[in-house]
Amino acid sequence: MLDLFTIFSKSGIVLWCFQGTSQIFTSPVNALIRSVILQERGVNENFSYEGLTLKYKLDNEFELVFVVAYQKILQLSYVDKFLDDVHLEFRDKYRKHLNASDFFASYDFSHEFQKNFEEM
């Protein structure tokens, strides 16, 4: 089960977010940003923080970050493919806004996310 899936710009604007639990994810995501993204250590694409695993994908063309978080004790084999699928679908759907760097548009991605999640 996924605890969090978020899409944000490298400038820090959250474009879309799914939260599967009531847990607050500010600290883990901020730690990921400080420890990995700001220091450009994007080689591993996995980050552990206090019992959570955060997998992320960087989109350098549109300067986006896709992050999925789940409990570290879970072995979720579908997460990498799911992350790739959501990344491609989000880019395709909002390409016009992203090309114009219009990060304040409405990015309602819930239906597409749920459809991809059900296919896994």
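**Helix packing and sheet architecture**

The axes of helix H2 (residues 79-99) and helix H3 (residues 110-119) come within 10 Å and cross at roughly 150°. Axes are lines fitted to C-alpha atoms, for helices over the stretch in contact, with angles from 0 to 180 degrees between N-to-C directions. H2 and H3 are therefore roughly antiparallel to each other (over 145 degrees). The contact (heavy atoms within 4.5 Å) involves Phe82, Asp85, Val86, Glu89 and Lys93 of H2. H3 contributes Glu112, Phe113, Lys115, Asn116 and Phe117. These residues divide into four nonpolar, one polar and five charged.

The model is predicted; local features need pLDDT of at least 70, side-chain atom pairs count only at pLDDT 80 or more, and totals for chains, interfaces and linings use all residues. Residues are numbered from 1 along each chain as its sequence is written, and side-chain values use heavy atoms, without hydrogens and water. Helices (H or I, at least four residues) and strands (E, at least two) are DSSP runs, numbered from the N terminus.

An open sheet of five strands runs in the order S2-S1-S5-S4-S3, with antiparallel pairing (at least two DSSP bridges between two strands). Strand S2 (14-19) and strand S3 (46-49) form the edges, each pairing on one side only. Neighbouring strands are turned by 20° on average, direction ignored. Helix H1 (residues 26-37) packs on this sheet, touching strand S1 (4-9), S3, S4 and S5. The direction of H1 makes about 130° with that of S3. Strands S4 (residues 52-59) and S5 (residues 64-71) pair over eight bridges.

Ser9 lies in strand S1. Ser9 is buried, with a relative accessible area of 1% (buried means under 20%, 1.4 Å probe, protein chains only).

Key: Buried < 20%, exposed > 50% of the residue type's maximum accessible area, 1.4 Å probe, protein only. Parallel < 35°, antiparallel > 145°, perpendicular 65-115°, else oblique. Nonpolar A, V, L, I, M, F, W, Y, C, P; charged D, E, K, R; others polar.
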